Amino acid sequence: MGVSTTVTTSRPGDGIALVTVDRPPVNALPVQGWFDLADAVRAAGRDPAVRCVVLAAAGRGFNAGVDIKEMQRTPGHAALLGANRGCYEAFAAVYDCEVPVVAAVQGHCLGGGVGLVGNADAIVAADDATFGLPELDRGALGAATHLARLVPPHLMRTLYYTSRTVTAAELHRHGAVWDVVARDEVRPAALALAGEIAAKDGYLLRLAKAALNGIDPVDVRRSYRFEQGFTFEANLSGVADRHRDAFTGTGARTPDVARRGPGARTSPERGRGADTPGGEHS
């Protein structure tokens with residue numbers, strides 16, 4: 001039985017909505033969790049009383065991406081397609097939120113986590129926060145669109161090819177992270193920044209968000225959708241299953257061409273997965 005995902009919205013200050021994700025142990029989200037998160041962010045942005053949204057997570061890390069165990073135990077392409085669509089909706093919800101979104105990041109921020117913070121308007125991070133895309137190690141591609149919003153182009157490519165991570169301090173030097181604070185101060189610091197933003201006129205903030213999105217040089221929705229096509233190709237080839245099996249410790253199994261195409265294999269739920277940081281696919 002899987003661990004339930006909780007997405008809650010609270011009002012910690014005037015004009016501020018706090019959206020918190022909680023899926024122990026590492027916030028690797030199943031398909032429905034991504035859609036729930038998208039709904040919560042969109043609803044907060046539509047509320048005329050809200051002028052800034054803070055996106056946060058409970059537990060030891062901000063986000064470990066997609067739950068690979070769910071993907072491997074689900075026959076056919078349903079979980080893969082659901083994860084692709086869910087991530088697309090969640091990332092787009094952050095980007096298209098009618099008001100600014102501040103991400104409060106602690107611990108690991110991997111795969112889909114980078115997709116979320118890369119589309120946020122501002123990032124406040126704990127001094128233990130690390131960011132990265134281990135996609136190639138998991139048989140996937142994706143979220144390079146969002147990593148490119150955090151670091152310069154050649155660094156993005158090197159991080160992507162190597163699956164290395166960068167620290168909050170390094171992103172702060174590149175100007176991607178607004179502030180780096182002690183772990184127990186990350187949420188208060190994010191709320192303080194959100195309070196400064198929320199002190200502005202709500203109508204003007206909505207105009208500003210729309211204007212800034214309109215002048216972005218890259219259409220993040222289209223760019224990410226393009227990346228997702230290559231993720232699906234990796235699955236059809238069978239290489240994605242091999243890497244996910246190695247990660248979860250599943251081992252060799254009988255080929256089932258009808259499941260994911262030539263070279264693919266069935267994947268019962270065994271070994272590691274959602275309980276391991278980096279257990280994602282985006």
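Glutamate 98 is partly exposed in this predicted model. Its relative accessibility is 36%. The residue forms a salt bridge with arginine 206, and the closest N and O atoms are 3.6 Å apart. Glutamate 98 lies in the loop between α3 and β4 (101–105), whereas arginine 206 belongs to helix α9, so the pair ties together parts 108 residues apart in sequence. A network of salt bridges with shared partners joins Asp96, Asp219 and Arg221.

The whole structure contains 10 salt bridges. One of them joins the side chains of aspartate 14 and arginine 51, at 3.1 Å from N to O. Aspartate 14 sits in the loop between β1 (6–13) and β2 (16–22). Arginine 51 sits in the loop between α1 (31–46) and β3 (52–57). The bridge therefore ties together parts that are 37 residues apart in sequence.

Arginine 42 is partly exposed, with a relative accessible area of 27%. Glutamate 89 is also partly exposed, at 27%.

Helix α9 (residues 202–214) also holds leucine 207. Together with Tyr203 and Leu204, Leu207 makes a nonpolar surface patch of about 350 Å².

Three strands build an open sheet of mixed pairing, in the order β5-β7-β8. β5 (108–110) and β8 (165–167) each have a single partner strand and stand at the edges, so one side of each lacks a neighbour in the sheet. On average, neighbouring strands are turned by 20 degrees against each other, direction ignored. Strand β7 (residues 130–132) pairs with β8 in the antiparallel sense, over 3 bridges. Within this pairing, glycine 132 stands opposite threonine 165 of β8.

Overall, the protein chain has 12 helices and 9 strands. Of its 282 residues, 54% are buried. Among contacts with a separation of 6 or more, 73% involve residues 24 or more positions apart. The accessible surface comes to about 11800 Å². Carbon and sulfur atoms account for 57% of that surface.

Technical notes:
Residues numbered from 1 in each chain as written. Predicted model: local features only at pLDDT ≥ 70, side-chain atom pairs only at ≥ 80, totals over all residues. Heavy atoms only, no water. Pairing = 2+ DSSP bridges. Helix = DSSP H or I, 4+ residues; strand = E, 2+ residues; numbered from the N terminus. Axes fitted to C-alpha atoms, helices over the stretch in contact; angles between N-to-C directions. Patch = residues over 30% accessible without salt bridge, like charges linked within 9 Å, V, L, I, M, F, W, Y side chains within 5 Å. Areas by Shrake-Rupley, 256 points an atom, 1.4 Å probe, with all protein chains shown as cover. Salt bridge = Lys/Arg side-chain N within 4 Å of Asp/Glu carboxyl O. Buried < 20%, exposed > 50% of the residue type's maximum accessible area, 1.4 Å probe, protein only. Contact = heavy atoms within 4.5 Å.
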